[in-house]
Amino acid sequence: MFDKIIAATDSSKASKRVFEKALNLAKLTGASLMVLHVLCPDEEGCPDPLDPLEVYYPGKDKEAAERYQKKWEKFSQQGLEMVQSFVAKATAAGVSAECNQISGEPGQTICEIAHTWKADLIVIGRRRWLSGLERLVLGSVSNYVLHHASCSVLTVQ
């Protein structure tokens with residue numbers, strides 16, 4: 001049924017449910033699993049490059065940039081540790097798994113990776129808290145993936 005499944009994760013609590021659903025499907029079908037995390041400035045917990053405390057102190061640009069870079073590296077490392085821990089759990093469950101963390105626009109990047117890796121299924125979370133107006137203004141990663149992916153998409157709430 002499925003040979004390659006992508007679990008599209010982020011720093012939200014829903015990522016654990018996404019991973020568990022993808023892992024169960026991979027075990028059931030004997031599929032390989034890729035745990036994917038797209039680093040994005042809009043992601044929850046991502047450092048803000050325009051921190052108001054940094055902007056009000058002219059001449060501190062270099063120091064502010066260095067502090068931001070350290071915060072970004074920490075955020076990136078936390079994401080990498082998350083996907084690596086998911087891969088370890090999948091491997092322990094007998095599923096062939098790998099991880100990938102890349103910077104980019106989440107919806108587009110997920111679709112590109114799925115196409116390149118020749119995925120059969122993308123498992124992705126859907127945030128319930130977005131109102132119609134918020135979805136219109138902010139967009140929805142799951143909605144983008146649903147309409148642009150070259151394979152099947154399963155949304156998890």
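The sulfur of Cys-111 lies 7.8 Å from the closest cysteine sulfur, that of Cys-151, which is too far for a bond. A disulfide here is a pair of cysteine sulfur atoms within 2.5 Å, and by this rule the count comes to zero disulfides. As a reminder, a disulfide is a covalent bond between the sulfur atoms of two cysteines. Cys-111 is buried, with a relative accessible area of 9%, and Cys-151 is buried too, at 16%. Buried stands for under 20% relative accessible area, exposed for over 50%, and partly exposed for anything in between (1.4 Å probe, protein chains only).

A word on what you are looking at: this is a predicted model, in which local features need pLDDT of at least 70 and side-chain atom pairs count only at pLDDT 80 or more, while totals for chains, interfaces and linings use all residues. Residues are numbered from 1 along each chain as its sequence is written, and side-chain values use heavy atoms, leaving out hydrogens and water.

## The overall fold

The chain's secondary structure comes to six helices and five strands. Helices (H or I, at least four residues) and strands (E, at least two) are DSSP runs, numbered from the N terminus. Along the sequence they follow the pattern β-α-β-α-α-β-α-β-α-α-β. Of the 157 residues, 39% count as buried. Contact means heavy atoms within 4.5 Å; among contacts between residues at least 6 apart in sequence, 79% join residues at least 24 apart.

## The sheet

Five strands form an open sheet in the order S3-S2-S1-S4-S5, with parallel pairing. S3 and S5 (152-156) are the edge strands, each pairing on one side only. From one strand to the next, the twist averages 20°. Two strands pair if DSSP finds at least two bridges between them. In general, strands of a sheet pair through backbone hydrogen bonds, either parallel or antiparallel.

| Strand pair | Sense | Bridges | Residue pair |
|---|---|---|---|
| S1 and S2 | parallel | six | Ile-6 and Met-34 |
| S1 and S4 | parallel | four | Ala-8 and Ile-124 |
| S4 and S5 | parallel | five | Leu-121 and Ser-152 |

S4 is mostly covered, with four of its five residues buried. Helices lie across the sheet strands as well. H1 (residues 14-29) lies across S1, S2, S4 and S5, running at about 170° to S1. H6 lies across S4 and S5, at about 160° to S4. For these angles, axes are lines fitted to C-alpha atoms, for helices over the stretch in contact, and the angles run from 0 to 180 degrees between N-to-C directions.

The loop between S1 and H1 holds Ser-12. Ser-12 is buried, with a relative accessible area of 15%, and its side chain joins that of Asp-10 in a polar contact of 2.5 Å. A polar contact is a pair of N or O atoms within 3.5 Å; within protein, one must be able to donate a hydrogen and the other to accept it, and residues adjacent in sequence count only if both atoms are side-chain atoms.

The expected span of a helix is 1.5 Å times one less than its number of residues. For the twelve residues of H4 (residues 106-117) that gives 16 Å, and the end C-alpha atoms are 16 Å apart, which agrees.

At the start of H4, a side-chain oxygen of Glu-105 comes to within 3.3 Å of the backbone nitrogen of Gly-107. The backbone oxygen of Glu-105 is also reached, at 2.7 Å, by the side chain of Thr-109. Thr-109 sits in H4 and counts as buried at 9% relative accessibility. Setting aside neighbours within four places in sequence, Thr-109 is in contact with Val-38, Ile-102 and Gly-104.

The buried residues of H4 also include Ile-110, Cys-111, Ile-113, Ala-114 and Trp-117. An α-helix has 3.6 residues a turn, so residues three or four places apart point the same way. Among the elements that cover the buried residues of H4 are S1 (4-9), S2 (32-39), S3 (97-103), S4 (121-125) and H6 (141-148).

Just after H4 comes Lys-118, with a positive phi of about 60° in a residue other than glycine. Lys-118 belongs to the loop between H4 and S4, and at 62% relative accessibility it counts as exposed.
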